[in-house]
Amino acid sequence: RVELTIEGNMKTKEHLDKLMKELDISFPLRSSDVYEIPIEGGAALLTLQNPGFILSCELGNAPKRNEENILTQLLHANLFGQMTKEAVLGLSVDGNKIVLSRVIDYDLDYKEFSEIMEDFLNVALFWRKQILTETK
C-alpha cells in the first residue's frame, strides 16, 4: 500500500486532477482528503496538506530473519536520498512494516508535482520487489 498525503491544498488538488486527466484514470476518494492510487501489488493513498503533501507507502513486512542485512540495505539507500529519490525508507510505528515516505511542505508547479509522484511510485515499486525478494 502506498500512501500519499495531501490535506486541503487546492493547488495540489488541481495538479492531481490534471494528472488523472492526463492518465485518463480516476483515483477514488477514500475520505475528504485521501485519494487511492492503484499501483502494482497495492494502492497509493494521497492525502492533501497545506501547503504540499506527504507521501507514504507500506512496502512489505519487516523482516523476521536476516533483519540486519535488510535494514542495512535500507540505511544505505537513504544515504543522500540517491536510491530513494529523496524519500526515506523506515519502519512503521509498530515496527512490523517497511515504509517509504516523503514530505513536500511547499507549493509546486505541475511539472515538479508529476515528477515527484512518478519518482515516488517507481521507488516504491522497486523497493517493494527488493523487500519481497529479501524476505522470502
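Is Gln73 buried, partly exposed or exposed? In this predicted model, Gln73 has a relative accessible area of 24%, and because a residue counts as buried under 20% and as exposed over 50%, Gln73 is classed as partly exposed. Gln73 belongs to helix H2, and, once its neighbours within four places in sequence are set aside, Gln73 is in contact with Trp127, Gln130 and Glu134. The C-alpha atom of Gln73 is separated by 9.9 Å from that of Ile131, although the two residues are 58 residues apart along the chain.

Leu59, when residues up to four places away in sequence are not counted, touches Leu89, Ile98, Val99, Leu100, Ala124, Trp127, Arg128 and Ile131.

Strand E2 (residues 29-31) runs antiparallel to E3 and is joined to it by two bridges, with Leu29 having Tyr35 as its bridge partner in E3; the two strands form a hairpin with two residues between them. E3 is in turn joined to E4 by six bridges, again in an antiparallel arrangement, and here Glu36 has Leu45 as its bridge partner in E4. The hairpin of E3 and E4 also has two residues between its strands, and in this hairpin Gly41 takes a positive phi near 80 degrees.

Some details of the backbone deserve attention, given that most residues other than glycine have a negative phi, and most peptide bonds are trans. The peptide bond from Asn50 to Pro51 is cis, with omega near -5 degrees, and Pro51 is found in the loop between E4 and E5. Asp24, which is not a glycine, has a positive phi of about 55 degrees; Asp24 lies in the loop between H1 and E2 and is exposed, with a relative accessible area of 70%. Glu86, likewise a residue other than glycine, has a positive phi near 75 degrees; Glu86 is placed in the loop between H2 and strand E6 (88-91), where Glu86 is exposed, with a relative accessible area of 58%.

Terms used:
Residues numbered from 1 in each chain as written. Predicted model: local features only at pLDDT ≥ 70, side-chain atom pairs only at ≥ 80, totals over all residues. Heavy atoms only, no water. Contact = heavy atoms within 4.5 Å. Helix = DSSP H or I, 4+ residues; strand = E, 2+ residues; numbered from the N terminus. Buried < 20%, exposed > 50% of the residue type's maximum accessible area, 1.4 Å probe, protein only. Pairing = 2+ DSSP bridges.
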